[in-house]
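This report describes a single protein chain for a reader who has its sequence and coordinates at hand.

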Amino acid sequence: MGEPRADLPHDSLSERLQELAKPKEVKDVWNLSRSLFKYSCGRVSEIWHRPPDLYSIMPSERILQLAEPRQYLDIYLKQRPRSSAQWTVSPPAIHCNASPRILLLSQPRPLNPYFVLPREAETQVSLSSKRASASLRTERLAQPVVKNCIVYYDNRCVEAPIRRVNPAALQAVASPRVVELAKAKTLPSECAPDRSAMWPVSSAAKNAVATSRLEELAMPPKRAPTFLVQFDPDAFVVKDAAKNALCSDRLKQLSQPVKR
């Protein structure tokens, strides 16, 4: 890859190109006894060569102990949540004695001295009252009042008013001030009543004679119906002049279909 091509003479290459064409020197840090990976593209991705005696070597007890995964307690596996992991507590931490400071901090926070508990019921019902039976009078008073659903007053008199009027109110005499206030409010003198929708026609208008111009304008327009105006019976009839007409060369040329 780094060697110069054989088809090019060395005289045509500059010194810079000849210097760049030389292969890169391998440093002493690399171990040439190892085989490099085939597709490493020049990078150090080495594959170690395992001697045949390596497979017959047995590891020590310490290596086997370190190779084993850490075991979890059965209680931890049952109680731990699925969303977050819980750290296992070592036996020395479980059997250790807490200091007075830790015991003080572990105490729950006391309630505020101004805190008041919910009040109890004001009336305490005794057990004897709960077991006592009500009398007939108490049961009768406990029944709801049944009202008749009526929309009128039963006065037993046809001409009597709906609401009963006190006899003293019937014989009372109103004062002049009350009579004045009871009068309806009158309309002002400038107020005009609503005009009637039907105006009376005067006798002069009834005996009037219309002029010829008014009679002409009063006549409705003479137009044919819409379905007759849009209907043309001669729309599909070929005229005699069209039957005897001669087609020009230009029309013959345009009437030919387009060839694609």
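## Cysteines

A search of the whole structure, which is a predicted model, returns 0 disulfides. C191 has a relative accessible area of 40% and is partly exposed. C247 is likewise partly exposed, with a relative accessible area of 42%.

## Overall architecture

The secondary structure of the chain consists of 14 helices and 2 strands. Of the 260 residues in the chain, buried residues make up 1%. The accessible surface amounts to about 28800 Å², and carbon and sulfur atoms account for 58% of that area.

How many of the contacts between residues at least 6 apart in sequence join residues at least 24 apart? The share is 0% for this chain.

## Confidence of the prediction

The average pLDDT of the chain is 77, and 75% of the residues score at least 70. Among the elements of the chain, helix α9, which spans residues 176-182, has the highest mean pLDDT, at 93. The lowest mean, 52, belongs to strand β1 at residues 35-36. Where pLDDT is low, the predicted coordinates should not be read in detail.

## Salt bridges

The count of salt bridges comes to 3. One of them joins the side chains of E19 and R16, with an N to O distance of 4.0 Å. Both residues belong to helix α1 (residues 15-20), and because they are 3 residues apart there, about one helical turn separates them. R16 has a relative accessibility of 51% and therefore counts as exposed, the cut-off being over 50%.

A further salt bridge links E180 and R177, whose side chains meet at 3.7 Å, N to O. Both residues lie in helix α9, 3 residues apart, or about one turn of the helix. This helix is also the element with the highest mean pLDDT. R177 counts as exposed, at 52% relative accessibility. In helix α11 (residues 212-218), E216 and R213 are again 3 residues apart, about one turn of the helix. Their side chains form a salt bridge at 3.6 Å, N to O. E216 counts as exposed at a relative accessibility of 52%.

## Nonpolar surface patch

Which residues make a nonpolar surface patch of about 360 Å²? The patch is made by L54, Y55 and I57. Y55 is located in the loop between β2 (46-47) and α2 (61-67). With a relative accessibility of 62%, Y55 counts as exposed.

## Summary

The predicted model has 14 helices and 2 strands, with 1% of its residues buried. Its 3 salt bridges include the pair E19 and R16 in helix α1, the pair E180 and R177 in helix α9, and the pair E216 and R213 in helix α11. The nonpolar patch includes Y55, and 0 disulfides are found.

Terms used:
Residues numbered from 1 in each chain as written. Predicted model: local features only at pLDDT ≥ 70, side-chain atom pairs only at ≥ 80, totals over all residues. Heavy atoms only, no water. pLDDT = per-residue confidence, 0-100. Helix = DSSP H or I, 4+ residues; strand = E, 2+ residues; numbered from the N terminus. Buried < 20%, exposed > 50% of the residue type's maximum accessible area, 1.4 Å probe, protein only. Patch = residues over 30% accessible without salt bridge, like charges linked within 9 Å, V, L, I, M, F, W, Y side chains within 5 Å. Areas by Shrake-Rupley, 256 points an atom, 1.4 Å probe, with all protein chains shown as cover. Contact = heavy atoms within 4.5 Å. Disulfide = S-S within 2.5 Å.
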